Amino acid sequence: MPLNRRKFLKKSAVTGAGVAIAGAAAAPAAQAAETTDATTAKKPATRYSLTVLGTTDLHGHVFNWDYFKDAEYTDKAGNAQGLARISTLVNRIRAEKGRCNTLLLDAGDTIQGTPLTYYYAKVDPITAKGGPVHPMAQAMNAIGYDAAALGNHEFNYGIETLRKFEEQCHFPLLGANAVDAKTLKPAFPPYFIKKFRVPGAPAVKVAVLGLTNPGIAIWDKAYVQGKLAFPGLEEQAAKWVPKLKALGADVVVVSAHSGSSGTSSYGDQLPYVENAAANVAKQVPDIDAILVGHAHVEIPELKVTNDKTGRTVVLSEPLAYAERLSVFDIELVFDKGRWTVESVSSKVLNSNTVADDPKITKLLTDEHAKVVEYVNQVVGSATETLTTVEARYKDAPIIDLITKVQEDVVKAALASTEYASLPVIAQASPFSRTSEIPAGDVTIRDLSSLYVYDNTLVAKLLTGAQIRAYLEYSAQYFVQTAADVVIDPEKLTNANGRPDYNYDYVSGLSYEIDIAQAAGSRIKNLTYNGAALDDAQQFVFAVNNYRANGGGAFPHVASAKELWSESTEIRTRIAEWVTAKGVLDPKDFASVDWKLTRNGTPVF
């Protein structure tokens with residue numbers, strides 16, 4: 001049965017220790033090592049080998065299928081995606097090691113990220129009376145997950161959807177640092193303990209502590225403000241790990257929806273680190289291994305030395321979308337009446353080395369087919385092909401479509417308010433480098449590929465001076481390039497590792513970005529309605545909720561006055577706009593608002 005908060009708290013009251021203890025596993029085979037001395041025969045030491053398997057950032061990938069391209073997923077690296085592949089890998093390892101010697105975990109971001117997850121959150125929602133069981137719950141239950149940490153994207157559809165998903169899972173969703181905003185008590189089970197029986201020795205007790213991302217307080221503020229709080233991972237690990245050891249945990253594994261870099265994308269808006277997994281390993285004693293998530297990078301094995309004990313903590317992060325499976329091998333020895341961890345090692349396995357598990361394929365074929373049919377609905381026609389291929393460094397009409405839709409929605413929403421007379425401008429980012437709306441029939445799939453995130457729309461009040469600072473910050477995305485250097489478009493962008501989704505167009509203004517200049521002095525000839533921008537002029541800024549809440553740490557926008565917001569996804573608004581128009585013609589939305597220059601000379 002799934003373990004939700006109510007059951008967890010009830011169990012806590014019974015045990016008096018606040019721990020969710022799983023049913024003991026079947027007896028594994030212990031390995032005896034010969035340690036016979038020439039003079040006195042010692043009893044052979046009892047050893048035990050535990051294998052912990054981990055995924056993260058699945059983002060709704062069940063099959064190796066690209067819903068945006070309506071085809072099998074492929075990339076240049078030859079990766080494959082989907083839980084059906086992971087299931088095959090897990091089955092293989094369980095057969096090798098003995099299922100009773102393995103633990104299967106996930107580190108979060110499960111129920112958002114593909115049209116599959118959108119469909120079962122919004123089109124045929126799991127929250128409806130008699131509604132469906134979420135495909136990710138079905139798949140993970142069938143594979144036999146033991147526990148999963150909460151990811152920040154678990155909150156994208158609201159707490160009701162998350163609680164329903166939690167109810168449908170046959171394993172706990174863990175979040176030691178997801179607490180009730182008023183009582184500061186756990187809102188989800190903080191941890192999970194499982195016993196592994198060893199013949200001739202006490203059972204090995206393995207504790208899994210789940211930690212989620214503090215950024216949820218910013219990114220999904222509309223859903224969680226006043227209801228849930230998300231303190232730092234380091235602080236909460238320091239609180240809970242000693243409790244787990246006091247409960248007799250022989251092995252402590254952390255499943256953390258937090259990267260290992262020690263960096264944060266939200267600047268100083270929160271006093272907590274976004275990517276804190278390595279910090280946890282350094283600062284908190286008695287952790288043996290950490291399954292890392294959130295950052296979407298591949299880390300087969302990262303060894304971190306704990307500052308207090310000098311012990312090595314092993315971290316591993318499998319690549320997102322079920323492209324990799326982390327494997328931790330933990331060796332224990334029973335000595336002086338207790339189990340001790342002798343060694344930990346980790347690696348990642350590539351899911352492209354195996355085929356889909358037919359059990360998972362059979363289980364979710366119908367759900368997959370419904371979503372394929374949904375995304376292939378025709379909603380209009382395009383007069384020409386629109387693409388994001390050059391959208392990072394040239395003002396592309398396809399991004400103007402996003403800003404035009406956002407402007408229109410906000411203008412309509414504020415039409416009967418005191419702000420109706422203010423000019424509306426909008427931001428949008430080149431999320432994908434491969435999106436294309438083809439000439440001819442336009443489908444939901446085409447439009448969804450343009451806006452891959454489930455962001456919603458917010459209207460903020462900003463001044464001209466604040467917009468100028470916003471644009472300067474955005475322009476940091478470009479690499480400073482001298483006027484006499486030959487231009488390579490592939491080397492122009494992503495300065496200091498800034499991702500494409502943290503570069504914004506702003507519509508309704510005209511400006512140049514002089515990339516020969518140092519960051520902070522790049523915005524030139526900034527005008528509104530043909531005149532130099534007035535710093536005191538007020539604008540309504542149509543902005544996505546990620547940015548409005550501080551995502552990307554853009555200046556002024558998070559603290560600006562909010563005039564309006566809604567819960568309908570921007571991609572849905574785009575589909576509605578195109579459906580109403582019938583014909584997608586660039587003359588209805590495209591304009592050249594900005595261009596790259598070097599000392600005043602256009603780059604392109």
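Residues are numbered from 1 along each chain as its sequence is written, and side-chain values use heavy atoms, with hydrogens and water left out.

Stay with Val-208, which counts as buried because its relative accessibility is 0% (buried means under 20% relative accessible area, exposed over 50%, partly exposed in between, with a 1.4 Å probe and protein chains only). Show its contacts (heavy atoms within 4.5 Å): beyond residues up to four places away in sequence, Val-208 touches partners including Leu-103, Leu-174, Tyr-191 and Val-253.

Next, select Ile-437, Leu-509, Ile-513 and Leu-584, which touch the most other members of the 123-residue largest nonpolar core (a set of buried Ala, Val, Leu, Ile, Met, Phe, Trp, Tyr and Cys residues joined through side-chain atoms within 4.5 Å). Helix 11, residues 397-413, supplies the largest share of this core, 7 residues. Leaving aside neighbours within four places in sequence, Leu-584 is in contact with Leu-401, Ile-437 and Trp-577, among others.

Finally, colour by pLDDT (the predictor's confidence in each residue, from 0 to 100): the chain mean is 92, and 93% of residues reach 70 or more, but over residues 8-40 the pLDDT is below 50. Where pLDDT is low, the predicted coordinates should not be read in detail.

Technical notes: This is a predicted model: local features need pLDDT of at least 70, side-chain atom pairs count only at pLDDT 80 or more; totals for chains, interfaces and linings use all residues. Helices (H or I, at least four residues) and strands (E, at least two) are DSSP runs, numbered from the N terminus.
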